[in-house]
Amino acid sequence: MATGARRRAVVIGLDGVPASYLEERVAAGTMPALAELLRSGRLVAMDSSVPPVSGVAWSSLTTGVNPGRHGIYGFTELKPGTYDLRFPNAASVLVPRIWDRLADDGLRSVVLNVPGTYPARAPAGSLLVSGFVSPRLTRSVAPPGWFPRVDELGYRTDVDADLDWSDAEAVAAELLDLTEVRRRLWWTAWEQVDWSLFWGTFTETDRFHHFHWGRRGEPWIDDILDRLYGAVDAHLADVAGRLGDGDALFVVSDHGFAPIRAEVHLNRWLAEEGFLRLEGDRPGSLADIGPGTVAFVLDPGRIYLHRKDRYPLGGVSPGEEAGLLADLTARLAALRDPESGEPVFGGVLAAPQAFSGPALADAPDLTVLPGAGFDPKGMVGSATVFGRSGLTGMHTFGDAACYARGSGLPARVRLEDVGASVLAHLGGDPADLDGRPVLVGG
């Protein structure tokens, strides 16, 4: 919708897309629209969130603060006082999103397919269609009056759960169709909402990377990558062509990607090291945790001490915490791949090193960062510490992408800087955010 001389900001999210891969495709001439954007802007690599998972990273991108303030540490948590899993959602975020702050100044937004925004809630005059995890489409659209238009487009919040990822034709059809459906909704909302902020995310990239990133070089894999990234590049061209000189444009991703060499099952490692005791012949969840447990893991690499005052069978007292954390940190840092002898993890961070804010008490005591090809896992029931599944790609902490149109984008940008920059560009005050504004002038 035409907005006259009013400033606008557009954020195009590309879930799971490494900055280095975008640079590779530009150099190969397969993303000409992005190459053209780089003539008037800059692409840099960012560190992801701790841990580097979408729910945490997009929460930091869209609030401008770290997990110690927004309160999202992963896709799962334990229900207080139990060992039962719960799934944090948009209602679990403790601070306003950038679009909520803009609404306080009377500005409207369109937010499409951003992970962690279910159930949908939109400020007055704005539109929000949530991203994964979204169990019901009817609760994924706000205001509800937009639901018939969204449903008529055949919109879905994620790929078909029953998709056969070995079927090249089916995979290509699903990913390209879903990308096109997102683009149709994008342009419908673009024309029908009087917006100042437009934030839309494509998640099909991440889905394909998980299954096939480690198989790049195979003709059918490369063909789908070319077609998928060609669709993304066409969208970049269409958006850029509709922006005014004073409009801000960001292209961002939430984490990088790398081929998996091994999945590292940390609860199995804790059990072998004597820190975790599970009951029953075939334990399958943390509900099988037993007395004497010192620590346990939630995906993807979040380690929690089994405290007396926090868990029903907890036995760790305050006086033991420092020594146990030091011991665990040293052992994790020393863990090596049995085949190559390489370190498994890229770092082991204590909560105060990684987070700050009112939600620090809920943070994992330690978080391991993935090493080169070693993917930390929190499942219960693995028979071995090192293993493989059908996935070939994993998240990385480094190499998230940030493009900004204009001059002045520094070489080092944090996730939180994106939200702060959007807010500042549209006249808001980011002083209380963790991020800092970066220059994004047209």
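Predicted model: local features only at pLDDT ≥ 70, side-chain atom pairs only at ≥ 80, totals over all residues.
Okay, let's start with the packing. The largest nonpolar core has 53 residues, and the ones that touch the most other members are Val-10, Ile-12, Trp-186, Trp-190, Phe-198 and Val-239. Which helix gives the most to this core? That's H7, residues 168-192, which puts in 10 residues. In general, nonpolar side chains in soluble globular proteins tend to be buried together.

Most peptide bonds are trans, and most residues other than glycine have a negative phi. So where are the cis bonds here? One joins Phe-132 and Val-133, with omega at about 0°. Val-133 sits in the loop between strand S6, 127-129, and strand S7, 141-142. Another cis bond runs from Ala-142 to Pro-143, and omega there is near 5°. Pro-143 is in the loop between S7 and helix H6, which covers 147-152.

Now for positive phi. Asn-113 has a phi near 65°, and of course it isn't a glycine. You'll find Asn-113 in the loop that links strand S5, 109-112, with S6. Is Asn-113 buried or exposed? Asn-113 counts as buried because its relative accessible area is 1%, and the cut-off for buried is under 20%.

Asp-399 is also a non-glycine residue with positive phi, near 80°. Its place is the loop between strand S18, 393-396, and strand S19, 400-405. With a relative accessible area of 22%, Asp-399 comes out as partly exposed.

Last stop, His-212. His-212 belongs to helix H8, residues 204-212. Why do we call His-212 buried? Because its relative accessibility is 4%. And what is His-212 in contact with, leaving aside neighbours within four places in sequence? Those contacts are Trp-165, Trp-220, Ile-221 and Thr-392.

Note on methods:
Residues numbered from 1 in each chain as written. Heavy atoms only, no water. Helix = DSSP H or I, 4+ residues; strand = E, 2+ residues; numbered from the N terminus. Buried < 20%, exposed > 50% of the residue type's maximum accessible area, 1.4 Å probe, protein only. Contact = heavy atoms within 4.5 Å. Core = buried A, V, L, I, M, F, W, Y, C linked by side-chain atoms within 4.5 Å.
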